[in-house]
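Trainee: Could we walk through this model together, one topic at a time? I would like to see how each answer is reached.

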Amino acid sequence: MKLFSLLLLPALGLLSLAASPPNSLQLPKPVRRAMAQVRPDAMRAHVAYLADDRLLGRKPGTPGYQLAVDYVVAQLKKRGVEPAGENGGFTQRVRLRRATVRPGASVSYQSGTGAAGLPLDALHLLPHPEQPTAQLPATGLVFAGYGISAPAENYDDYQGLDVRGKVVVVLRGAPPAFPSTVAAASQDQTQLVRTAAVHGAVGVLFATLRPAVGNPARLLSTTSVLGADGKVAAARGFVSGPAGVALTGTLSAAGLQTLLRAAASDTAQVMQRLRASQPAPLALPGTLSARWESAYQDFDSYNVVGKITGSDPKLRDEYVVHSAHLDHLGVGAPVRGDSIYNGAHDNATGVASVLEIAGIYSQLKQKPARSILLVLQTGEELGLLGSAYFAARPTVPGTSLVANVNTDMPTLIAPLLSVVPLGAQHSTLAAPVAQAAAYLGLSVEEDPEPEQNRFIRSDQYSFVAQGIPALHLKYGNRTPDGRNNLSEQVKQWRALTYHKPQDDMSGTFDFAAGRTYVQLNFLVGYLVAQAPERPRWNPGDYFGRQFGGQK
């Protein structure tokens, strides 16, 4: 059955997308006409407003961020979107806490072997966002490689290691044998802390092989989301309650080498095993003790949530989520004479995409079977905080969220000829992506830069962590000249522009590519909203086992 007859005759049932090859998709005329109405100039206008100096970089908790909230709420209302936030409005309050370690923290390492202590400034404690005064008595240490315990992948850094009551030292990274998205997810700080706690650890030190760069005091502050009970509801690298640990911190390359030498090993020996995808657990001699105080600054920010109610009496209670983060970095250190981090590409273009998706739906008298949620999130730049809070505490029943299509910095600097659907390979979302891309004449490619770990670095991962299939559509490598090296062009752009004040309206934009990007994201979500079954993880998939309840 074609989608056209589906909309005319809903009583006949919903379209089985898997039954049709990707290039056979036929859309009803109203949908085609609505998609054709997306205008590059409209995208430009959204980005120009959101990236204006007047908004001062849209930092959460500032008047500039509130201007962005007011703008997107007005645009959603203009497009007939219903409020789906708290208390009948468009917003969800997100209480943020910036925690900082107070001066005077005491850290002591006793090697127990007569060896030299840790180098000066080798270890830095992270603040405790729930305990203003925290302490750790003299405690043993262990080295647990990458800190990963993945029995299904036949890999366990904790094998044969007694961790109970000790501080675990882990090295950031993942076994080379892991698939790229699994490797990325394995490095998530929150998951590493949770895994250490499950094994009985009381602390985690995140070690690095990189030489110290810049001011280490930057590492001494964190931001988290507070729940109504005043406890941490979402944070990167901290888990509240019994599932967490008392101490977290960072360890320099020199500090790691000191600990390994005290254990009659060294970094080269350890890395040889880890690079061969073999665990390298070690008991470390000596003890670590610490006492530190944390200062707090609490402030409110907001997610924006709108709804387009579906047309099917049963499926309208399920939701496909289109999301993008609304925040950026605010005002910071000057770069080439400018200190306002406007965030035009990151992520005003993503927000513009969601607003124009709402515009497509506003022109459809016949809405899709399922409902659509449009979520503009705060705190992505602070550690995916707004999306983590929403995904865990949505303003609709959590079990009703069936999929997330996230938009973050589509990098509109060249024609969009191919796409990389980050995460789609793990679920049945791959089918609507293939159909939508083929319909628009786009090819689907593998990630050209898997080392960037993008799958866990944007808001779609917050939904994945709640067991919800999700994806993030990025540019592919195809170029009009046939060289197919767009990733190289993006690397150059990123070096000059990404997370810098130069990401403003004076930069390079291809809003015609933005139009195609809007159409693609809309169409993927639309096909999911029309499908007879909600998306599901592929059988035996890592993320299905980790978060989706699969065995």
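**Helix packing and a pocket**

Mentor: Let's begin with a helix pair in this predicted model. Helix α11 (residues 430-439) packs with α14 at an angle of about 135°, and their axes are 9 Å apart.

Trainee: Is α11 parallel, antiparallel, perpendicular or oblique to α14?

Mentor: The angle to judge is about 135°. Roughly antiparallel needs an angle over 145, and roughly perpendicular covers 65 to 115. The angle of the pair therefore makes α11 oblique to α14.

Trainee: And is the crossing of α11 and α14 left-handed or right-handed?

Mentor: The two helices touch through residues that include Val 433 and Ala 437 in α11, and Leu 520 and Val 524 in α14. By class, this contact has 10 nonpolar, 1 polar and no charged residues. As for its hand, the crossing of α11 and α14 is right-handed.

Trainee: Which residues of α14 does α9 meet?

Mentor: Here the axes of helix α9 (residues 344-362) and helix α14 (residues 511-530) come within 9 Å and cross at roughly 60°. That angle makes α9 oblique to α14, and the crossing is right-handed. From the α9 side, the contact uses Ser 353, Glu 356, Ile 357, Ile 360 and Tyr 361. Their partners in α14 are Tyr 517, Val 518, Asn 521, Phe 522, Gly 525 and Tyr 526.

Trainee: How many charged residues are in the contact of α9 with α14?

Mentor: Sorting the residues of this contact by class gives 7 nonpolar and 3 polar. What remains is the charged class, and its count is 1.

Trainee: How are α3 and α4 oriented to each other, parallel or antiparallel?

Mentor: Helix α3 (residues 40-50) and helix α4 (residues 63-78) have their axes 10 Å apart and pack at about 155°. Their contact joins Ala 45, His 46, Tyr 49 and Leu 50 of α3 to Leu 67, Ala 68, Tyr 71 and Gln 75 of α4. By class, there are 6 nonpolar, 2 polar and no charged residues in it. An angle over 145 counts as roughly antiparallel, so α3 and α4 are roughly antiparallel.

Trainee: Where is Asn 87 found?

Mentor: Asn 87 has a phi near 55°, a positive value in a residue other than glycine. To place Asn 87, look between two strands: its position is the loop between β1 (82-83) and β2 (91-101).

Trainee: Which element gives the most to the lining of the second largest pocket?

Mentor: This pocket holds about 460 Å³ of space. Of its 23 lining residues, the closest to the centre are Thr 190, Arg 194, Ala 235, Ala 465 and Gln 466. Elements that give two or more residues are α6 (189-198), β11 (232-234), α10 (385-392) and α12 (460-464). The one that gives the most, with 4 residues, is α10.

Trainee: How many nonpolar residues are in that lining?

Mentor: By class, the lining of the second largest pocket includes 6 polar and 3 charged residues. The nonpolar count is 14.

Definitions and conventions
Residues numbered from 1 in each chain as written. Predicted model: local features only at pLDDT ≥ 70, side-chain atom pairs only at ≥ 80, totals over all residues. Heavy atoms only, no water. 1 Å grid on protein atoms, 1.4 Å probe; cavity = no way out; pocket = protein on both sides within 12 Å on 5 of 7 lines; lining within 4 Å. Points joined across faces, edges and corners; volume = space filled by probe spheres on them. Nonpolar A, V, L, I, M, F, W, Y, C, P; charged D, E, K, R; others polar. Axes fitted to C-alpha atoms, helices over the stretch in contact; angles between N-to-C directions. Parallel < 35°, antiparallel > 145°, perpendicular 65-115°, else oblique. Left-handed = near helix turned anticlockwise from the far one by under 90°. Contact = heavy atoms within 4.5 Å.
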